[in-house]
Amino acid sequence: QVQLMESGGGLVQAGGSLRLSCAASGSMFSINTMGWYRQAPGKQRELVATVTSGGSTNYADAVKGRFTISRDNTKNTVNLQMNSLKPEDTAVYYCKIEGYIYRDSLEYDYWGQGTQVTVSS
């Protein structure tokens, strides 16, 4: 099976920065798209940013120019550098990967446990 381990959340003042990391572990799998999503209290989970295995990125309009997603295919990690944070960025952030399991010849979505990001005004 595939497991995801997230780190890097916390409390920061508006205008500050945080870096989230997510590491995928397991066996007999490869990773296609990796991404970060977030869910604020009372709201639906929403896409923040994704990066394909080829390195193409996609960002939500709300974070463009402030957040940068990157991945290391040799380590199966994906990072989210968050700069110029705003109070409205406060949410639980989730890592998600599209993992292809060789044994099943199928692709599955895997989610991390979530990490809290709180931005104070």
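Q: Why is serine 84 called partly exposed?
A: Serine 84 has a relative accessibility of 41%. Buried means under 20% relative accessible area and exposed means over 50%, with partly exposed in between (1.4 Å probe, protein chains only). Because 41% lies between those limits, serine 84 counts as partly exposed. Before we go on: this is a predicted model, in which local features need pLDDT of at least 70 and side-chain atom pairs count only at pLDDT 80 or more, while totals for chains, interfaces and linings use all residues. Residues are numbered from 1 along each chain as its sequence is written, and side-chain values use heavy atoms, leaving out hydrogens and water.

Q: What makes the backbone at serine 84 worth a look, and where does this residue sit?
A: Serine 84 has a positive phi of about 50 degrees although it is not a glycine, and its place is in the loop between S8 and S9. Strands such as these are DSSP runs of E with at least two residues, numbered from the N terminus. Asparagine 76 is another non-glycine with a positive phi, of about 55 degrees, and it belongs to the loop between S7 and S8.

Q: How do you know whether asparagine 76 is buried, partly exposed or exposed?
A: Its relative accessible area is 25%, so asparagine 76 is partly exposed. Threonine 52, in the loop between S5 and strand S6 (57-59), is also partly exposed, at 29%. In space, threonine 52 lies 4.2 Å from threonine 33, C-alpha to C-alpha, although 19 residues separate them in sequence.

Q: Why is alanine 49 called buried?
A: Alanine 49 has a relative accessible area of 0%, so it falls in the buried class. This residue lies in strand S5. Isoleucine 69 is 20 residues away from alanine 49 in sequence and 6.5 Å away in space, C-alpha to C-alpha.

Q: How do you know that S7 and S8 are paired?
A: Two strands pair if DSSP finds at least two bridges between them. S7 and strand S8 (residues 77-82) have 6 bridges, so the pair qualifies, in the antiparallel sense. One of the bridges links phenylalanine 67 to methionine 82 in S8. S1 and S3 are also antiparallel, with 5 bridges, and leucine 4 has alanine 24 in S3 as its bridge partner.

Q: What makes S1 and S7 the edge strands of their sheet?
A: The open sheet has 4 strands in the order S1-S3-S8-S7, with antiparallel pairing. Strand S1 (3-7) and strand S7 (67-72) each pair on one side only.

Q: In which sense does S11 pair with S2, and in which sense with S9?
A: Strand S2 (residues 10-13) and S11 are parallel over 4 bridges, and leucine 11 has threonine 118 as its bridge partner in S11. S9 and S11 are antiparallel over 3 bridges, with tyrosine 93 opposite threonine 115.

Q: How do you know which strands partner S4?
A: The bridges tell us: 9 join S4 to S9, running antiparallel, with serine 30 bridged to tyrosine 100 in S9. Another 5 join S4 to S5, also antiparallel, and tyrosine 37 stands opposite leucine 47 in S5. The S4 and S5 hairpin has 6 residues between its strands, and glycine 42 takes a positive phi near 80 degrees there.

Q: What makes a set of residues a nonpolar core, and which members touch the most others in the largest one?
A: The members must be buried Ala, Val, Leu, Ile, Met, Phe, Trp, Tyr and Cys residues joined through side-chain atoms within 4.5 Å. The largest nonpolar core here has 32 residues, and Trp36, Leu80, Met82, Tyr93 and Ile97 touch the most other members. S9 gives the largest share, 5 residues.
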